[in-house]
Amino acid sequence: MKIPRSHPRYDSLVRRERLVRAWKAGIVVPEGLIAHGRGEAWDYLFGEMTSAPALVAERAAAAYLLAAARPVISVNGNVAALASREVVRLAKMIPARIEVNLFHRSEVRVRRVVRELERAGARNVLGLRPNARIPGIESKRALSHRDGIFGADVVLVPLEDGDRAEALVRMKKTVISVDLNPLSRTSQGATIPIVDELTRAVLNLCKFVDELKPDETETLRVRRVYNRNGNLGAVYSFLEWRLGRLRRSVTRGGMRSKSASQPSSVR
Ligand code: PTJ
């Protein structure tokens, strides 16, 4: 389907179209479409924009990825469908390895996701011949690579299920999640939870990696001052402010999500 650029929800419709196409190509599972709908509902609440606390978490995540000895980006079906090119760009900038790790794992699907990433410019993508298991996980998500997620010190896990995020934290890894649901086990368990939409988050990570890479002192400072619980608390405050604004606007006669500007306290 061709989506007119003038459509007020153009970005959202493009994301849906990409997911449906990737589902038809066997990259995304039907469960991935359901997961996306859940994410979209949260994004409505956030006004379909990156909040100030999310930006803070993204900058901290960029600093941790740059300081890592063995950074790895985990990719599943939804991530490949929505942001292959951006993920490959981010991996090259850091530099980090990419590993395909699927919840609904089949060899055929792993191969398809690897191919999608290679089409976007990736080389040496891990995932096809795992040689380790993440302890404490029953599902096929445990399958991993010693040169990849298993041996990593910092792992970026976009659109994760909570089990693996928790298991990776138990392995003493710095776990950076991207999940629009601030209540999910992933957001609750990650070392650096980024509560933002995936495509926006990856673009922001690229921007912050680019900005911080030449400045080691600032990178160190950003890591030192990042406060996980304070940041997640600020996400809740942002939501509270958004809902309050929505409530007031209803009494005044309606509002559009994207027109909402952020309060000066969180800008
Ligand atoms: O490709 P596979 O087999 O690895 O399966 C991928 C899915 C996404 C199906 C799998 O990881 C899964 O079941 O995930 P969950 O447990 O449904 O969690 C997905 C989380 O991502 C939910 O909390 C959603 O709110 C969130 N989410 C969905 N789309 C986005 C998102 N967060 C940020 N950006 C999105 N575009």
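On the screen you see an open sheet of five strands, ordered E2-E1-E5-E6-E7 and paired in parallel. Strands here are DSSP runs of E with at least two residues, helices are runs of H or I with at least four, and both are numbered from the N terminus; two strands pair if DSSP finds at least two bridges between them. E2 and strand E7 (192-194) stand at the edges with a single partner strand each, so one side of each has no neighbour in the sheet. From one strand to the next, the twist averages 20°, with angles running from 0 to 180 degrees between N-to-C directions of axes fitted to C-alpha atoms, for helices over the stretch in contact.

This is a predicted model, in which local features need pLDDT of at least 70 and side-chain atom pairs pLDDT 80 or more, while totals for chains, interfaces and linings use all residues. Residues are numbered from 1 along each chain as its sequence is written, and side-chain values use heavy atoms, without hydrogens and water.

E5 (residues 154-158) and E6 (residues 174-178) pair in the parallel sense over five bridges, and Pro158 has Val178 as its bridge partner in E6.
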